[in-house]
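Please look over the structure below.

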Amino acid sequence: MTKKIVPMTDLEIALKATMRPIDEIAEKAGIPLDAVEPYGRFKAKIDVKKLKNTTSNGKIVLVTAISPTPAGEGKSTVTVGLGDALTLKDEKTIIALREPSLGPVMGMKGGATGGGYAQVLPMEEINLHFNGDLHAITTANNALSALIDNHLHQGNQLQIDPRRITWKRVLDMNDRALRNITIGLGGPTQGVPRQDGFDITVASEIMAVFCLATSLSDLKERMSRIVIGYTYQKEPVTVRDLDVQGALTLLLKEAFKPNLVQTIEGTPALIHGGPFANIAHGCNSLIATNTARSLADIVVTEAGFGSDLGAEKFMNIKARQGQFKPDVVVVVATVRALKLHGECSKETLSEENVQAVGSGLANLAKHIETVKAFGVEPIVALNRFVTDTTNELHVITEWCEANHIRVALTEVWEHGGQGGLQLAEEVLEVLEKPNDFKPLYQVEQSVQDKVAIIVKEVYGGNGVVFTDQALRNIEEIEKYGWDMLPICMAKTQYSFSDNPKLLGRPTDFVITVREVIPKLGAGFLVCLTGTIMTMPGLPKTPAALNMDVDAEGNAIGLI
């Protein structure tokens, strides 16, 4: 009887990999030794002020995906594998990724560093605490909260209305019990009683500021513009009014340096910043992207969730503020996810279902249309799973060929860079051609018009309904001249609509915007839709239940 071979987990593969000293990775990336600040043997911070080349000319490959499902799409895995494949083809390549948040790591995902033989290392250290960046952002955010409450306690010179403080505390964990709290109880010496609440750290405006700032001075200026609440006269109060932008920037000065790590195959990777794409703009830091562009000919980066969220925000917010463009967009799709969008049940995903795959292609088609609307050519990365059948894969490739869409079968989980060579070849062909990239709207347009363009062009919806609260928000935003900013939609990642249950490609729907929140430091307006929350909760069976550590300090169950 043949013994069944059980494949290794992502963690087991990562722990068996041989890592190179971080100085060697820095040398490979063209980073001078005096710019490298090691965090142990295999991680480092990069002091960008000491880099010799400050011109950012590297071309950008943006990796996005179809609408995510519980079956998984493997966007980070494809990003890493594509970077390794380009390196195998002798292209000077650097990967630029976001940092994992402990909330999803301990909640549903269990890890966010790629998978199989297409991972960034050291996997367990990147997933847990990683050089303290998210802790620094948490500290800066909560320092501001403490300074606000101290100002109230010490006489409230600015006449801040405690009922209209919009700044919340944060924690890098999914903790629904902290969404709404009351603070300052216990008598006059304990502070001013008021309602407060917690967001997850990656939803903090400081995270967005951190990821869109181009320098320390720009970081401090952006911090000063953050609106923390309103006075009794309903006038906005900013961090500049409190005069604490310097202290907050000081807390972030080390975290602001990009982090250098490596893939299993030794491709340099910069991992820095980590905003969610469903409640924030979902892209790694601008300073890391520009640093990678100054060092490499090709930068492979990703944006969170599908093209309707992270990619839309990359192109309408990050690319606009960074004054660059994506040169090619890779759309990751899987047979399993397309089956779910084609109304296949999770219980039967491993069974061949050609019809469900064909029905699910409507979701892929809309994501491709969205990428093309920005003037960029898409490439479909068909990320293969072991349960995929030849017939199912053929449905997708045949559809792509019939619609003149580039497609590449991708097997990077199993084969690393070798499994991404076909995708790399398609990418290199597209990089040789100019594109007509442009954002979908102009910032000078009204808030309502900008949102309507996103809903119609990106989501495929019929229109937008603004609640009375949202209309009051917009009126106030226009009053203070804040309306000339890009839009950051906060929307479910599971559907083009604001209803997470409407999978595939829903039609004849409208999006309801219930609140519009100015984020002046980040430089965008957040539109809250549906029931999206800025502090998630843990699932019934959190990933943390499978995690442990052995007597030698090795992680267990981190996948």
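What follows is a short report on selected features of this model.

## Basis

The model is predicted.

Strand 18 covers residues 378-383. Of its 6 residues, 6 are buried, so the strand is largely enclosed by the rest of the structure. In a regular strand, side chains alternate between the two faces of the sheet. Here Pro378, Val380 and Leu382 point one way. Ile379, Ala381 and Asn383 point the other way. The residues on both sides are buried.

Strand 18 pairs with strand 17 in the parallel sense, over 5 bridges. The chain gets from strand 18 to strand 19 through helix 15 (residues 390-402). This β-α-β crossover is right-handed.

## The 7-12-13 sheet

Strands of a sheet pair through backbone hydrogen bonds, either parallel or antiparallel. An open sheet of 3 strands has the order 7-12-13, with antiparallel pairing. Strand 7 (160-165) and strand 13 (236-238) are the edge strands, each pairing on one side only. On average, neighbouring strands of this sheet are turned by 50° against each other, direction ignored.

Strand 7 and strand 12 (residues 227-231) run antiparallel and are joined by 2 bridges. Ile160 has Thr231 in strand 12 as its bridge partner. Helix 6 (residues 133-153) lies across strand 7 and strand 12. The helix runs at about 130° to strand 7.

## Ring contacts

How many aromatic pairs does a search of the whole structure find? The search gives 4. One of them is formed by Phe314 and Phe324, with ring centres 6.0 Å apart and planes at 40°, so the pair is tilted. Planes under 30 degrees apart would count as stacked, and planes over 60 as edge-to-face. The pair links distant parts of the chain, 10 residues apart. Phe314 sits in helix 12 (residues 307-322). Phe324 sits in the loop between helix 12 and strand 17 (328-333). Phe314 and Phe324 are both buried.

A charged side chain also meets a ring. Lys491 lies over the face of Tyr459, at 4.8 Å from the ring centre.

Key: Residues numbered from 1 in each chain as written. Predicted model: local features only at pLDDT ≥ 70, side-chain atom pairs only at ≥ 80, totals over all residues. Heavy atoms only, no water. Phe/Tyr/Trp six-rings, centres within 6.5 Å; stacked < 30°, edge-to-face > 60°. Helix = DSSP H or I, 4+ residues; strand = E, 2+ residues; numbered from the N terminus. Buried < 20%, exposed > 50% of the residue type's maximum accessible area, 1.4 Å probe, protein only. Lys NZ or Arg CZ within 6 Å of the ring centre and 35° of its normal. Pairing = 2+ DSSP bridges. Axes fitted to C-alpha atoms, helices over the stretch in contact; angles between N-to-C directions. Contact = heavy atoms within 4.5 Å. Right-handed = clockwise from strand over helix to strand, strands pointing away.
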